[in-house]
Amino acid sequence: MSFEALGLHASIVKAATDAGYTTPTPVQEQAIPAGIAGRDLLVSSQTGSGKTAAFMLPALHKLALAEQAPVAPRGAPGERPRFKAAQPKMLVLTPTRELALQVTSATEKYGTQIRRIRAVSILGGMPYPKQMQLLAKNPEILVATPGRLIDHMESGKIDFSQLEILVLDEADRMLDMGFIDDIEKIIAATPAGRQTMLFSATLDGMVGNMARRITKDPMVIQITSSSSKHENIVQRVHFVDDLSHKNRLLDHLLRDETLDQAVVFTATKRDADTIADRLNIAGFSAAALHGDMHQGARNRTLDGLRRGNVKVLVATDVAARGIDVPTITHVFNYDLPKFPEDYVHRIGRTGRAGRNGLAISLVNHAEGMNVKRIERFTKQLIPVNVIEGFEPKRTASAPRSAARPGTWKPGDNRTGAKPGQRTFSKPGAPRREGAPAGGGYKGSNPRSADGARRTYGDR
Ligand code: AMP
């Protein structure tokens, strides 16, 4: 199957080819023809599946065709020129600023061959005057986070009466982040005849209810690609006794010679800063990324990551969403995420663009139940590894079978052990050391074994 065969305009096929895409991904194969035909779409797919192009290519195709038609003048003839609200044709809502910027730059890439179609990002954290300038150009496409968009709608700077296409990207995440009222308000301001495309990791529960309300006769596309199951990512758990054990083990694992770049996830913004500082002192080029940082600082950090100047990014869930840097070889869960869904998003920061990845969770004994919850959610068991010299004091209470080995390459250095250093647990082998049978996880804000009260991420 080729991009031409999907019915796309030649200029868009050329942009996709120039971007290095030879064949459409499974989500693109299904979504693009339906999108061109004007159907509403409900798509369950993960980041990394090519979902941005799945909604943006058909949208650009339609907008490019519409641009060839004569444009109706804005305002009545003879009317005095005055401030006019922007009247976008397409709106993409995303949960985070990073994802919005990523979608905007993908749109620019896919639209290089089409003149007169502009995409701008409307984000919290960006200065208002700059956004007013962008809106004054009356861009065809807005990519926005819900909160800031509502501000502009309420001050009359945006008018959605001409909107043709609405996309909700990572809709499940937007709902998790509490944007439901904002989203409802935005949708209510758009024409009922619009085309709606909703992308989400899951179409169950609350997101499924909303999806059914806001779409008409949608085509439902469920993608369970190998990348959404993360089959190219080897997962490991290392049990730790306390914070000092955890820090020593992290330092050791970060020295793995197969590590190119890594993301270390922490539960709190403060921990992200503290750990990044500590790693810098230890000689790693580390940087923190979290929601308390100004947008400029976040962008600089992400640029540093993309250019390879930042080797270890220490991040919270929300800030790191959607990061797409193929040279990230390792993901570490310094703290386990609160929700199993976040685990899946976190480990998906590695193993991008067809490569393999390694995801290691550093787990206090009392958090064994959280590991089980993640295993139930992903329907995969995560093998436990122990590295000589870093053994936890507690020993196994019950054997636990290991997950199917992944395909991590290069070499067999899956645990980050130094050359010559023996690792006790090989992939596929039963664990030597285990989660406590009862587990110590209670409630939604557990006190971890190291005694620190955790508040979770940017929520
Ligand atoms: P997304 O799921 O939209 O975040 O895309 C994940 C990555 O896949 C991005 O780096 C895209 O540039 C890339 N990508 C999207 N579509 C294709 C394709 N058809 N062929 C190769 N790479 C693609």
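The dialogue below sets values for this predicted model against the definitions of the terms used.

Mentor: This is a predicted model, in which local features need pLDDT of at least 70 and side-chain atom pairs count only at pLDDT 80 or more, while totals for chains, interfaces and linings use all residues. Residues are numbered from 1 along each chain as its sequence is written, and side-chain values use heavy atoms, with hydrogens and water left out.

Trainee: How many helices and strands are there in the protein?

Mentor: The protein has 15 helices and 13 strands. These are DSSP runs numbered from the N terminus, helices being H or I of at least four residues and strands E of at least two.

Trainee: Why is Val 314 called buried?

Mentor: Buried means under 20% relative accessible area, exposed over 50% and partly exposed in between, with a 1.4 Å probe and protein chains only. Val 314 has 0% relative accessibility and therefore counts as buried. Of the 459 residues of the protein, 55% count as buried.

Trainee: Which residues is Val 314 in contact with, leaving aside its neighbours within four places in sequence?

Mentor: Contact means heavy atoms within 4.5 Å. On that basis Val 314 touches Val 264, Thr 266, Ala 272, Ile 275, Ala 276, Leu 279, Ala 287, Ala 288 and Leu 289. The C-alpha atoms of Val 314 and Val 263 are 5.8 Å apart, although 51 residues separate the two along the chain.

Trainee: What makes β10 and β11 a pair?

Mentor: Two strands pair if DSSP finds at least two bridges between them. Four bridges join β10 to β11 (residues 312-315), and the two run parallel. Ala 288 stands opposite Val 314 in β11.

Trainee: In what order do the six strands of the open sheet stand?

Mentor: The order is β8-β13-β12-β9-β11-β10, with parallel pairing. β8 (233-240) and β10 (286-289) are at the edges because each has a single partner strand, so one side of each lacks a neighbour in the sheet. Neighbouring strands are turned by 20° against each other on average, direction ignored.

Trainee: Which helix lies across β10, and at about what angle does it run?

Mentor: Helix α12 (residues 295-307) lies across β9 (261-265), β10, β11 and β12, at about 140° to β10. Axes are lines fitted to C-alpha atoms, for helices over the stretch in contact, and angles run from 0 to 180 degrees between N-to-C directions.

Trainee: Which residues have the most contacts inside the largest nonpolar core?

Mentor: A nonpolar core is a set of buried Ala, Val, Leu, Ile, Met, Phe, Trp, Tyr and Cys residues joined through side-chain atoms within 4.5 Å. The largest has 72 residues, and those with the most contacts inside it are Met 56, Met 90, Leu 91 and Leu 149. Helix α3 (residues 51-68) gives the largest share, nine residues. A second, separate core of 28 residues includes Phe 265, Ile 328, Val 363 and Val 371.

Trainee: How close is the side chain of Tyr 21 to the ligand?

Mentor: An N or O atom in the side chain of Tyr 21 is 2.6 Å from an oxygen atom of the ligand. For Asp 324, a polar side-chain atom lies 2.7 Å from a ligand oxygen atom.

Key. Polar contact = N/O pair within 3.5 Å; in protein donor to acceptor, adjacent residues only side chain to side chain.
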